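Hi,

Here is the structure we talked about.

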Amino acid sequence: MRKHISGFSNPTVKYLRSLREKKLRKRAGQFLVEGLRLLEDARVSGYIPRTLVMAEGRDPHPLIEGLESEIAGAGGEVITTTPDILSKITGKSNAQSVVGVFDEFDTSLERLDREAANIWLVAQDLRDPGNLGTMLRTGDAVGAGGLILIDDCADPFSAEAVRASMGAVFTQGLAQARWEEFVPWLRSDAGQLVAASLRDAVPYRGTAYGAPCFIMVGNESQGLPEAYEAECDLRVTMPMKGRADSLNAAVAGAVLAYEVLESLS
């Protein structure tokens, strides 16, 4: 059965709105996903929202009907509300007609199986949620095992990161750790750590990459700390033909990921 909400002051509306804020989202352990495409990507990947919120008067769609049935079967909640309240929840004036509430994933390093893929992406102190989502999307494209977030990265469960991932937040493994946690984990088994760098670097093409290969990018403005680069097994450089002295962090990660994919194929 559906529950209908018609008031802006409803406690459920206030709770759902709070999930837009990182501190409150972390406290609740849940996050919002907007749009049928992302919700369908989640469902196909085995993730069903705890709560589904739909705008009344929306056009019927078989995917929504199927999702609603699965949520009900799993003991979740289905809510209908007005388009204005849905916009209030998402903070967007042109909100899509359906929003899902998901439990955040376990993001511990220990849950990752490094043997599950030849390529893993690593981001250190990446602050832009759009770049974070792009790296998840890149990982999905190259068949990476997932994305490991080191130190103080953007929140992977923010609306911006989830949207930029184009559903890859549900297909990629995801871990969060401090550098001092990551290095012992990495060195406890096989794994080559690679980063784009200008320090004692070799050309990124024609280089011997090993599997599993962990491709690391740094902060958008500062890059990787020198000590972090020193820990890398391989440092590579990409040619810059124009006036720019570097690539966007997520773009650099994508270029390198495709080169590693080709090398390991």
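First, the term behind the pocket notes. On a 1 Å grid over the protein atoms alone, a pocket is an open set of points where a 1.4 Å probe fits, with protein on both sides within 12 Å along at least five of seven lines. Lining residues have an atom within 4 Å of a point. Grid points are joined across faces, edges and corners, and a volume is the space filled by probe spheres set on the points.

The model is predicted: local features need pLDDT of at least 70, side-chain atom pairs count only at pLDDT 80 or more, and totals for chains, interfaces and linings use all residues. Residues are numbered from 1 along each chain as its sequence is written, and side-chain values use heavy atoms, with hydrogens and water left out.

Second largest pocket

This pocket holds about 420 Å³ of space. It is lined by 22 residues, and Glu34, Lys92, Ala159, Glu160 and Arg163 are the closest to its centre. Strand E2 (30–34), helix H3 (36–44) and helix H7 (159–165) each give two or more residues to the lining. Helices (H or I, at least four residues) and strands (E, at least two) are DSSP runs, numbered from the N terminus. By type, the lining has 10 nonpolar, five polar and seven charged residues. Here Ala, Val, Leu, Ile, Met, Phe, Trp, Tyr, Cys and Pro count as nonpolar, Asp, Glu, Lys and Arg as charged, and the others, Gly among them, as polar.

Helix H3

H3 buries Leu36, Leu38, Leu39, Glu40 and Ala42. Buried means under 20% relative accessible area, exposed over 50%, partly exposed in between (1.4 Å probe, protein chains only). The cover over these residues includes E2, strand E3 (51–55), helix H4 (62–73), strand E5 (98–103) and H7. After H3 comes Gly46, with a positive phi near 95°.

Largest pocket

The largest pocket has about 640 Å³ of space. Its lining counts 24 residues, with Ala196, Ser197, Gly223, Asp245 and Ser246 closest to the centre. Strand E11 (213–217), strand E12 (234–237) and helix H10 (249–264) give two or more residues each. The lining splits into 11 nonpolar, nine polar and four charged residues.

Backbone points to check

The peptide bond from Ala211 to Pro212 is cis, with omega near -5°. Pro212 sits in the loop between strand E10 (202–203) and E11.

Two aspartates have positive phi. Asp151 has phi near 65°. It lies in the loop between strand E7 (146–150) and H7. Asp200 has phi of about 50°. Its loop runs between strand E9 (192–196) and E10. Which of them is buried, and which exposed? Asp151 is buried, at 16% relative accessible area. Asp200 is exposed, at 69%.

Cysteines

How many disulfides are there? A disulfide is a pair of cysteine sulfur atoms within 2.5 Å. By that rule the count is zero. Cys153 is buried, with a relative accessible area of 12%. Cys232 is in no disulfide either, as the nearest cysteine sulfur, that of Cys213, is 10 Å away. Cys232 also counts as buried, at 8% relative accessibility.

Best wishes

How values were computed:
Contact = heavy atoms within 4.5 Å.
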